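Please read them with the coordinates open beside you.

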Amino acid sequence: MPARTGTDPVEPTTQVASVLPDDVAAFAHRVRRAATEADGVAPLSEQSVAAIDAAAGSDVRHVFSDAGYANVLIGRDGEPAMIEAVVDPALRRRGAGRALLTTALSVARDLVADPSPRAWAHGDLPGAIALAGRLGLERRRELLQLRRPVGPDAPSLPPLEVPDGIVLRTYAGPADDAEILRVNNAAFDWHPEQGGWSADQIVERVGADWFDADGLFLAFDAADPGHLLGFHWTKVHDADLGEVYIVGVDPAAQGRGLGRLLTLAGLHHLLRRGMAEVELYVEGDNTAALRTYEHLGFGRYAIDVAYG
């Protein structure tokens with residue numbers, strides 16, 4: 001793909017593919033890294049970054065031009081398709097973003113016959129807000145990023161106190177996978193991305209470079225040691241930043257304080273790992289989870305918005 005400079009005119013011509021050629025995939029990764037550096041916000045989610053290199057037969061369509069990249073991920077069980085896009089920071093405000101998004105919306109509607117696919121704006125930056133307005137898109141979903149300092153100068157974490165009747169331990173290997181999958185899909189049966197997992201999603205994450213068995217906490221019923229009540233999967237991004245990656249509680253075990261217990265277990269672990277700060281993502285309308293996290297000292301850091 002030819003390189004352009006900031007003074008070259010941008011031809012907002014887009015192409016669509018089911019699988020990206022290697023050079024275009026490399027270009028997409030370069031552009032997302034450049035946008036992350038320029039904006040301080042990653043333009044694509046973990047799922048969309050992985051989709052850049054997806055093999056033939058996957059539920060993804062790629063839209064690209066010589067100024068940017070977008071992908072369309074098919075939603076599950078009637079959920080709207082999801083779009084994420086990024087434009088080279090040096091080539092913005094010349095119609096490239098509008099061309100990418102217009103094509104991606106058309107592709108998404110053709111894929112699932114859905115009149116309202118969702119386009120994510122990570123960080124909800126002014127340029128994204130303006131583009132959504134020009135295309136007649138409205139805010140449909142908000143995903144909040146919360147952060148809490150945990151370093152030496154941060155407010156102390158509450159003590160971790162495991163109540164009677166609960167066994168708290170870390171991941172012991174593949175024998176735990178079936179229960180993690182069961183609880184995940186029960187806890188997130190409403191969630192477009194987190195719900196409906198298969199065993200492949202567990203295997204993929206356990207095999208990731210960032211996976212740490214000591215950072216995956218499992219809470220069991222002491223009266224039934226094989227029955228998982230909830231889990232907290234932590235993640236380390238770099239030497240300073242950790243993440244409350246997934247907290248899932250079996251709906252049948254709600255009301256026992258497991259969300260707070262599991263979150264605290266992970267926070268203490270990340271503190272021991274030397275993290276200075278911990279982030280998490282939560283749906284903007286999940287008032288119960290927001291209350292739990294606010295009581296543990298988390299505050300709003302950024303927002304991602306799905307437009308449709």
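Which residue in strand 9 is the bridge partner of L216? The first point answers this, and the remaining points move through the other parts of the model, which is a predicted one.

1. The bridge partner of L216 in strand 9 is W233. That bridge belongs to an antiparallel pairing in which strand 8 and strand 9 are held over 6 bridges, and the two strands form a hairpin with 2 residues between them. Strand 8 also pairs with strand 7 (residues 166–170), again in the antiparallel sense, through 5 bridges, and here I166 has D221 of strand 8 as its bridge partner.

2. The burial of strand 8 deserves a separate remark. Since 6 of its 6 residues are buried, strand 8 is largely enclosed by the rest of the structure. L216, L218 and F220 point one way from the strand, while F217, A219 and D221 point the other way, and all of them are buried.

3. Helix 5 (residues 177–187) belongs in the discussion of strand 8. Its buried residues are D177, E179, I180, L181, V183, N184 and A187, and these pack against helix 6 (199–206), strand 8 (216–221), strand 9 (224–236) and strand 10 (241–249).

4. Which residues have the most contacts inside the largest nonpolar core? They are I83, L146, V282, Y293 and F298, in a core of 41 residues. Helix 3 (residues 96–112) gives the most to this core, with 7 residues. In soluble globular proteins, nonpolar side chains tend to be buried together.

5. Leaving aside its neighbours within four places in sequence, V282 is in contact with E142, L143, L144, L146, A289, L290 and Y293. Two of these contacts, L146 and Y293, are themselves among the residues with the most contacts inside the largest nonpolar core.

6. Strand 5 (residues 118–122) has 5 of its 5 residues buried, and it is therefore largely enclosed by the rest of the structure. R118, W120 and H122 point one way from strand 5, and A119 and A121 point the other way, with all of them buried. Strand 4 (residues 82–87) runs parallel to strand 5 and is joined to it by 2 bridges, with R118 as the bridge partner of M82. Strand 12 (residues 299–307), by contrast, runs antiparallel to strand 5 and is joined to it by 4 bridges, and the bridge partner of W120 there is A306.

7. The second largest pocket holds about 780 Å³ of space. It is lined by 32 residues, of which V87, R92, G127, A128 and L131 lie nearest its centre. Strand 4, helix 3, strand 5 and helix 4 (126–134) each supply at least two residues of the lining, and the largest share, 7 residues, comes from helix 4. By class, the lining has 21 nonpolar, 4 polar and 7 charged residues.

8. Leaving aside its neighbours within four places in sequence, H62 is in contact with Q15, V16, A17, S18, V19, L20, A51, I52, Y69, A70 and N71. H62 and V112 are 50 residues apart in sequence, and their C-alpha atoms are 15 Å apart in space.

9. With 4 of its 5 residues buried, strand 2 is largely enclosed by the rest of the structure. Strand 1 (residues 15–17) pairs with strand 2 in the antiparallel sense over 3 bridges, and Q15 has F64 as its bridge partner. Strand 3 (residues 68–73) also runs antiparallel to strand 2, with 5 bridges joining the two, and a hairpin connects them through 3 residues. In strand 3, the bridge partner of H62 is N71, a residue that is also listed among the contacts of H62.

Definitions and conventions: Residues are numbered from 1 along each chain as its sequence is written. This is a predicted model: local features need pLDDT of at least 70, side-chain atom pairs count only at pLDDT 80 or more; totals for chains, interfaces and linings use all residues. Side-chain values use heavy atoms; hydrogens and water are left out. A nonpolar core is a set of buried Ala, Val, Leu, Ile, Met, Phe, Trp, Tyr and Cys residues joined through side-chain atoms within 4.5 Å. Buried means under 20% relative accessible area, exposed over 50%, partly exposed in between (1.4 Å probe, protein chains only). Contact means heavy atoms within 4.5 Å. Two strands pair if DSSP finds at least two bridges between them. On a 1 Å grid over the protein atoms alone, a cavity is a set of points where a 1.4 Å probe fits but cannot get out, and a pocket is an open set with protein on both sides within 12 Å along at least five of seven lines; lining residues have an atom within 4 Å of a point. Grid points are joined across faces, edges and corners, and a volume is the space filled by probe spheres set on the points. Ala, Val, Leu, Ile, Met, Phe, Trp, Tyr, Cys and Pro count as nonpolar, Asp, Glu, Lys and Arg as charged, and the others, Gly among them, as polar.
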